[in-house]
Amino acid sequence: MSSGPAGGAAAAGADSKPAEKTVFDIKLEKFDAAAKIKIIKEVRSFTDLGLKEAKDLVEKVPAVLKKGLTKEEATAIAEKLKELGATVVLE
């Protein structure tokens with residue numbers, strides 16, 4: 001009987017470790033007003049949004065631009081947006 005609780009404690013310890021995140025969301029926190037048009041164009045390039053929808057999304061910062069990306073995809077998009085003058089967070 002003593003091995004039962006010990007086994008349960010070990011299993012609970014393994015479950016409490018944070019799993020490495022595999023799915024990311026890109027959130028636009030803020031951007032340089034001078035780069036607004038470039039940022040809208042970039043948002044359109046990685047989403048299926050039209051010009052008006054992309055503009056509305058960028059203007060209502062903070063906003064999630066895209067959900068469910070892999071780490072590599074999210075990092076690449078975030079770097080492009082940062083180069084244009086945006087502040088981006090991966091969630």
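A residue is called buried when its relative accessible area is under 20%, exposed when that area is over 50%, and partly exposed in between, with a 1.4 Å probe and protein chains only. By that scale K52 is exposed, because its relative accessible area is 57%.

The structure is a predicted model, in which local features need pLDDT of at least 70 and side-chain atom pairs count only at pLDDT 80 or more, while totals for chains, interfaces and linings use all residues. Residues are numbered from 1 along each chain as its sequence is written, and side-chain values use heavy atoms, with hydrogens and water left out.

Consider helix α3, which spans residues 51–59; helices (H or I, at least four residues) and strands (E, at least two) are DSSP runs, numbered from the N terminus. K52 and D56 are 4 residues apart, about one turn of the helix. D56 has a relative accessible area of 34%, so it counts as partly exposed.

Helix α3 also holds K55 and E59, again 4 residues apart and about one turn of the helix. K55 and E59 form a salt bridge in which the closest N and O atoms are 3.0 Å apart. K55 is partly exposed because its relative accessible area is 35%, and E59 is partly exposed at 36% relative accessibility.

Attention now turns to strand β1. The side chain of K27 meets that of E91 in a salt bridge of 3.7 Å, N to O. This pair links distant parts of the chain: K27 lies in strand β1, whereas E91 lies in the segment after β3 (86–90), and the two are 64 residues apart. E91 is partly exposed, with 31% relative accessibility.

K27 and E91 also belong, together with E29, to a network of salt bridges. E29 lies in strand β1, which covers residues 24–31, and is partly exposed, with a relative accessible area of 30%. Leaving aside residues up to four places away in sequence, E29 touches V61, P62, T87 and V89, where contact means heavy atoms within 4.5 Å. E29 and K60 are 31 residues apart in sequence, and their C-alpha atoms are 9.6 Å apart in space.

Technical notes: A salt bridge is a side-chain nitrogen of Lys or Arg within 4 Å of a carboxyl oxygen of Asp or Glu.
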